[in-house]
Amino acid sequence: MSRRALLRLGAAGAVGAVAAGGAYAVSRGPGLPSLPQLPGFAEPTPRELRIDPEPVDFRELEARRRFGPARHVYEVTGRGATAYVTEPFGARVDRWLELHRKHVGQAPDELRTYGAWVRGSATSWHSSGEAVDVARLRAGGRDLTSLRHDQWRDAPAPELRRRLSLYWRTAAGLHHEFADVLTYLFDAAHANHIHVDLGRFGPERPRLIRRSNAQVQAVQAMCRHVWGVTGIETTGEFDDATRAATTRILERVGGPGELADSREAWQAFLVATMERG
């Protein structure tokens with residue numbers, strides 16, 4: 001099924017779809033221009049710049065061996081590798097790593113991924129050089145943060161709590177920079193990495209879209225695993241409990257208004273989450 005057909009399904013009320021390999025997601029139809037405004041969904045619908053990726057040859061892309069100060073390493077082989085990306089996407093990854101250093105307090109010298117550009121498919125933002133699958137951040141030959149939920153999900157409770165907190169603090173930085181962020185909560189295909197892309201919104205700065213299952217699940221997980229909030233389930237529904245919890249957190253950190261009110265509130269929540277060690 002094509003991306004355009006999936007979007008039509010989203011406008012008709014489909015609750016979500018994902019391409020093979022987790023290349024992109026339509027989560028509860030976020031950002032569809034044809035969706036009407038519904039009671040309780042007061043934010044303006046974000047403008048999607050593109051519906052479909054435009055596959056390109058890797059020679060049209062920027063060849064990156066590093067992102068910021070971190071060497072790019074292919075997770076499968078453990079060897080340095082070239083990532084082929086657009087210049088704006090590469091700059092966004094650089095900015096995320098700087099945010100991570102500043103707010104999480106880690107300075108990775110190695111970024112391990114499952115790759116960026118792949119040949120061909122018009123259903124994948126990887127094919128346009130605007131996506132990457134992040135697996136681990138390392139420094140000095142050891143892991144700083146592992147996004148390999150598949151490797152540690154059965155760890156003893158104290159270790160699991162530590163890893164989940166770091167995972168979601170790291171994910172907060174990715175959500176700060178990228179509108180499309182897919183974690184292990186999205187589906188089993190993302191158990192060993194977090195997928196990010198510029199995709200539909202291009203240079204648009206992210207903010208919360210309450211219809212986005214992926215974003216709302218992430219917010220709920222951050223509340224649970226970073227802020228220690230009880231009584232919240234990772235349903236993907238922006239319900240009263242989620243709204244109340246995030247409003248309390250924003251009040252606590254001096255953030256503006258409620259989470260869904262503005263891009264500034266979204267960013268304040270994510271920065272505070274990154275900093276909560």
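**Terms and their grounds**

Modeller: Among contacts in the protein chain between residues at least 6 apart in sequence, 59% join residues at least 24 apart, where contact means heavy atoms within 4.5 Å. The model is predicted: local features need pLDDT of at least 70, side-chain atom pairs count only at pLDDT 80 or more, and totals for chains, interfaces and linings use all residues. Residues are numbered from 1 along each chain as its sequence is written, and side-chain values use heavy atoms, with hydrogens and water left out.

Colleague: What does the secondary structure of the protein chain come to?

Modeller: The protein chain has seven helices and 12 strands. Helices (H or I, at least four residues) and strands (E, at least two) are DSSP runs, numbered from the N terminus.

Colleague: What makes His 72 count as buried or exposed?

Modeller: Buried means under 20% relative accessible area, exposed over 50%, and partly exposed in between, with a 1.4 Å probe and protein chains only. His 72 has a relative accessible area of 2%, so this residue is buried. His 72 lies in strand 5 (residues 70–74). Beyond its neighbours within four places in sequence, His 72 is in contact with residues including Arg 64, Phe 67, Arg 79 and Leu 111.

Colleague: Is Ser 127 buried or exposed, and what is the ground for the term?

Modeller: Ser 127 has 0% relative accessibility and therefore counts as buried. Ser 127 is in the loop between strand 8 (110–113) and strand 9 (131–139). The C-alpha atoms of Ser 127 and Val 56 are separated by 6.4 Å, although the two residues are 71 residues apart along the chain. In the whole protein chain, buried residues make up 54% of the 277 residues.

Colleague: How many aromatic pairs are there?

Modeller: Rings of Phe, Tyr and Trp (its six-membered ring) pair if their centres lie within 6.5 Å; planes under 30 degrees apart count as stacked, over 60 as edge-to-face and the rest as tilted. By this rule, the count is seven aromatic pairs.

Colleague: Why is the pair of Trp 152 and Tyr 167 called edge-to-face?

Modeller: The ring centres of Trp 152 and Tyr 167 are 6.0 Å apart and the planes stand at 70 degrees, so the pair is edge-to-face. Because Trp 152 lies in helix 3 (residues 149–152) and Tyr 167 in helix 4 (residues 157–177), the pair ties together parts that are 15 residues apart in sequence. Trp 152, at 3% relative accessibility, counts as buried, and Tyr 167, at 0%, also counts as buried. Ring pairs link Trp 152, Tyr 167, Trp 168 and Tyr 184 into a cluster.

Colleague: What makes helix 4 roughly antiparallel to helix 7?

Modeller: Axes are lines fitted to C-alpha atoms, for helices over the stretch in contact, and angles run from 0 to 180 degrees between N-to-C directions. Angles under 35 degrees count as roughly parallel, over 145 as roughly antiparallel, 65 to 115 as roughly perpendicular and the rest as oblique. Helix 4 and helix 7 (residues 263–275) pack at an angle of about 150 degrees, with their axes 8 Å apart. Helix 4 is therefore roughly antiparallel to helix 7.

Colleague: Why are helix 5 and helix 6 called oblique to each other?

Modeller: The axes of helix 5 (residues 213–225) and helix 6 (residues 240–253) come within 11 Å and cross at roughly 60 degrees. Helix 5 and helix 6 are therefore oblique to each other. Val 219, Gln 220 and Cys 223 in helix 5 meet Thr 242, Ala 245, Thr 246 and Ile 249 in helix 6.
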